Amino acid sequence: MDVTLLWTKITLWLAEHAPTTASELRQAQPPPDMAEFESGFELALPHQLKEWWSCCGGTETGALTDVLPPFYTPYGAPGAWRVWCELREIWADKWHRPACDYYAGSAGSSFHPAWIPIAGDGFADELVVDLRPGPLRGCVLEWEQEMSRVGPPLWADLASMLADVHHALVEGGSAGYSRPTVTEDGRLDWQIR
């Protein structure tokens, strides 16, 4: 399935089962200028990431809305750019020579410029799309700021992540290492298993 269809199915499920969470999500209005973001990131963005940012606008005024497991709030393109720029400042001394392996999906102990944030936990941990070269280019990693590292790929790409989330919501299974629940006030909450 494509990213737009998967995101639409997720937001429709949220509107029905977790309306408080759904109400905090924004569409990308108007769709962002991808050429401008590619120029800023100095990277060719994959089709899935462009598609994601054409339909996902993040949340209302930066509200923490745990849509992606285990506790990540999705970013629209402007939010991703803001976070990436903040990380560029934090990691300025290693920005041009990051302490990371060369290929996508491999280890790193400083933030890499080719990691594009797609969601954050509000405390500096991020889900990133890894745009380093190699067969795993486009995989989704979890950046842990406090530990200054990424773990192994959580998903092969954005579509795989969204398909996993959708399946967990509809079937009640797991996505990554978390299971979805809905609170009494209509919020999606991911329980780490």
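Which elements do the buried residues of helix 3 pack against? They pack against helix 4, helix 5 and strand 2. The legends below describe close-up views of a predicted model.

**View 1. Helix 3 and its buried face.**
Helix 3 spans residues 34–41, and Met34, Phe37 and Phe41 are buried in it. Looking down the axis of helix 3, these buried residues fall within an arc of 60°, so they line one face of the helix. An α-helix has 3.6 residues a turn, so residues three or four places apart point the same way. The face of helix 3 turned away from the buried side carries Ala35, Glu36 and Ser39, which are exposed. The partners of the buried residues are helix 4, helix 5 and strand 2.

**View 2. The loop between helix 3 and helix 4.**
Glu42 lies in this loop. Its phi is positive, about 60°, although Glu42 is not a glycine. Glu42 counts as exposed because its relative accessibility is 68%, and the cut-off for exposed is over 50%.

**View 3. Helix 1 and the elements around it.**
Helix 1 covers residues 3–17, which makes 15 residues. From first C-alpha to last it reaches 21 Å, close to the 21 Å expected at 1.5 Å a residue. Val3, Leu6, Trp7, Ile10, Trp13 and Leu14 are its buried residues. Seen down the helix axis, the buried residues of helix 1 fall within an arc of 125°, so they line one face of the helix. Leu12 and Glu16, on the other side of helix 1, are exposed. Packing against the buried residues of helix 1 are helix 2 (19–24), helix 4 (47–55) and helix 6 (158–171), together with strand 1 (73–74), strand 6 (178–182) and strand 7 (188–192).

Five strands make up an open sheet with antiparallel pairing, in the order 1-2-3-4-5. Strand 1 and strand 5 (149–150) stand at the edges with a single partner strand each, so one side of each has no neighbour in the sheet. Strand 1 is joined to strand 2 by two bridges, and Pro74 stands opposite Ala119 in strand 2. Helix 4 lies across strand 1, strand 2 (115–120) and strand 3 (126–130). The angle between helix 4 and strand 2 is about 35°.

**View 5**
Five bridges link strand 2 to strand 3, and the two run antiparallel. Ala119 stands opposite Leu127 in strand 3. The two strands form a hairpin with five residues between them. In the turn, Gly122 has a positive phi of about 85°.

**View 4. Strand 4 between strand 3 and strand 5.**
Strand 4 is made of residues 140–144. Four of its five residues are buried, so strand 4 is largely enclosed by the rest of the structure. Four bridges join strand 3 to strand 4 in an antiparallel arrangement, with Glu126 opposite Trp143 in strand 4. Strand 4 is also joined to strand 5, here by two bridges and again antiparallel. The bridge partner of Trp143 in strand 5 is Val150. Strand 4 and strand 5 form a hairpin with four residues between the strands. Ser148 lies in the loop between them and has a positive phi, near 55°, in a residue other than glycine.

**View 5. Two cis peptide bonds.**
The peptide bond from Gln29 to Pro30 is cis, with omega near -15°. Pro30 is in the loop between helix 2 and helix 3. The bond from Pro69 to Pro70 is also cis, with omega near -5°. Pro70 belongs to the loop between helix 4 and strand 1.

**View 6. Ile90 in helix 5.**
Helix 5 is formed by residues 77–90 and includes Ile90. With 51% relative accessibility, Ile90 counts as exposed. Ile90 and Ser110 are 20 residues apart in sequence, and their C-alpha atoms are 9.9 Å apart in space.

**View 7. The annotated span.**
An unreviewed UniProt entry carries the annotation "domain: Knr4/Smi1-like" for residues 33–161. In the model, the end C-alpha atoms of this span lie 24 Å apart. The span is 27% helix and 16% strand.

Technical notes:
Residues are numbered from 1 along each chain as its sequence is written. This is a predicted model: local features need pLDDT of at least 70, side-chain atom pairs count only at pLDDT 80 or more; totals for chains, interfaces and linings use all residues. Side-chain values use heavy atoms; hydrogens and water are left out. The expected span of a helix is 1.5 Å times one less than its number of residues. Buried means under 20% relative accessible area, exposed over 50%, partly exposed in between (1.4 Å probe, protein chains only). The arc is that of the directions from the helix axis to the C-beta atoms. Contact means heavy atoms within 4.5 Å. Two strands pair if DSSP finds at least two bridges between them. Axes are lines fitted to C-alpha atoms, for helices over the stretch in contact, and angles run from 0 to 180 degrees between N-to-C directions. UniProt positions are given in the numbering used here, feature names are shortened, and annotations may be inferred rather than shown by experiment.
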